[in-house]
Amino acid sequence: MKAAIFLVLAGLLMPAVASAHPHMWISQSVRVVAKDGAYTHAEIEWKFDPEASEDEIPAIDENKDGKFSEEEIKLLVQDMMPELQKFGFMTWLNTGGKDFRPATLPTFAARIDDPPTFTPPEWNRAEGDRDNMPMPANKRVQPPQGKHSPRNLVYTMRFELPQPTKSFTITTYDPEDFMRFEVDKTKLSAACKLAKHPTYKSEFVPGHPVFADTVTCKLP
């Protein structure tokens, strides 16, 4: 792939740069897969804000046709998945004991929503950058040529649970608040509830913590 490392990964790998809050806004949908009366998989979908999407899409869509081919997604997985796995996909699961990171690679898919299906509130994603520190040259993605209409980059990851279970919780967040994850409660199934995690938080502004969204799903 012509692009080196996507800005999503740069945000994960470079805490010195990740001093703004946030640089990326992600709407997360949580879906469940059940079989024989128990959950077997948890699926999350990330919709990147339109500005971040325009940083990323040109690096993935090499032939510039406005959609991702199987080969483009394959190359994306090769470049991106090992790095996301190092950070546990920014996700914690719990099936009744301690929280744990997904143990295996998820089933992955990517697409472009054009027109966008997610537009976040207005915010200054450069706010708080330490001395306006530039992105190192080897981490940069060339900006798109010309102005494209807003779009969303969308990732879908389906994680297999360690064993079938009647209930689980899933929490995705970035302690550095470089990436702000907010769960779309309108997409939750009736068996799932949204709340704020009691301890997982980012605190870019001291005294003003942002607690992570956590979803709990339970079957009868």
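This is a predicted model: local features need pLDDT of at least 70, side-chain atom pairs count only at pLDDT 80 or more; totals for chains, interfaces and linings use all residues.

User: Where does Met90 lie?

Analyst: Met90 is in the loop between α3 and β3, the strand that covers 91-94. Its phi is positive, at about 60°, although Met90 is not a glycine.

User: And Lys64, is that one buried or exposed?

Analyst: Lys64 counts as exposed, because its relative accessibility is 55%, and the cut-off for that label is over 50%. Lys64 sits in the loop between α2 (50-60) and α3 (70-86), and its phi is near 60°, a positive value in a residue other than glycine.

User: Which peptide bond is cis?

Analyst: The bond from Asp114 to Pro115 is cis, with omega near 10°. Pro115 belongs to the loop that connects β4 (107-113) with β5 (152-165).

User: OK, helices now. What span should α3 have, and what do its ends show?

Analyst: With 17 residues at 1.5 Å a residue, α3 should span 24 Å, and its end C-alpha atoms are 24 Å apart, so the two values agree.

User: Where does α3 bend?

Analyst: The bend is at Met80 and amounts to about 40°, with a proline, Pro82, following within four residues. Met80 is also one of the buried residues of α3, which include Ile73, Leu76 and Leu84 as well as the glutamates Glu72 and Glu83. After α3 comes Gly88, whose phi is positive, near 60°.

User: How many residues of α2 are buried?

Analyst: In α2, 10 of the 11 residues are buried, so this helix is largely enclosed by the rest of the structure. Among the buried residues are Ser53, Glu54, Asp55 and Glu56, along with Ile57 and Ile60.

User: What caps the N-terminal end of α2?

Analyst: Asp49 does, through a side-chain oxygen that lies 3.0 Å from the backbone nitrogen of Glu51.

User: Last topic: which residues touch the most other members of the largest nonpolar core?

Analyst: That core has 38 residues, and those touching the most other members are Trp46, Phe68, Phe108, Tyr155, Phe168, Ile170 and Val215.

User: What is Val215 in contact with?

Analyst: Leaving aside neighbours within four places in sequence, Val215 is in contact with Val30, Phe168, Thr169, Ile170, Val183, Leu188, Cys192, Lys193 and Leu194.

Notes. Residues are numbered from 1 along each chain as its sequence is written. Side-chain values use heavy atoms; hydrogens and water are left out. Helices (H or I, at least four residues) and strands (E, at least two) are DSSP runs, numbered from the N terminus. Buried means under 20% relative accessible area, exposed over 50%, partly exposed in between (1.4 Å probe, protein chains only). A nonpolar core is a set of buried Ala, Val, Leu, Ile, Met, Phe, Trp, Tyr and Cys residues joined through side-chain atoms within 4.5 Å. Contact means heavy atoms within 4.5 Å. The expected span of a helix is 1.5 Å times one less than its number of residues. The bend at a residue is the angle between axes fitted to the seven residues ending there and the seven starting there. A polar contact is a pair of N or O atoms within 3.5 Å; within protein, one must be able to donate a hydrogen and the other to accept it, and residues adjacent in sequence count only if both atoms are side-chain atoms.
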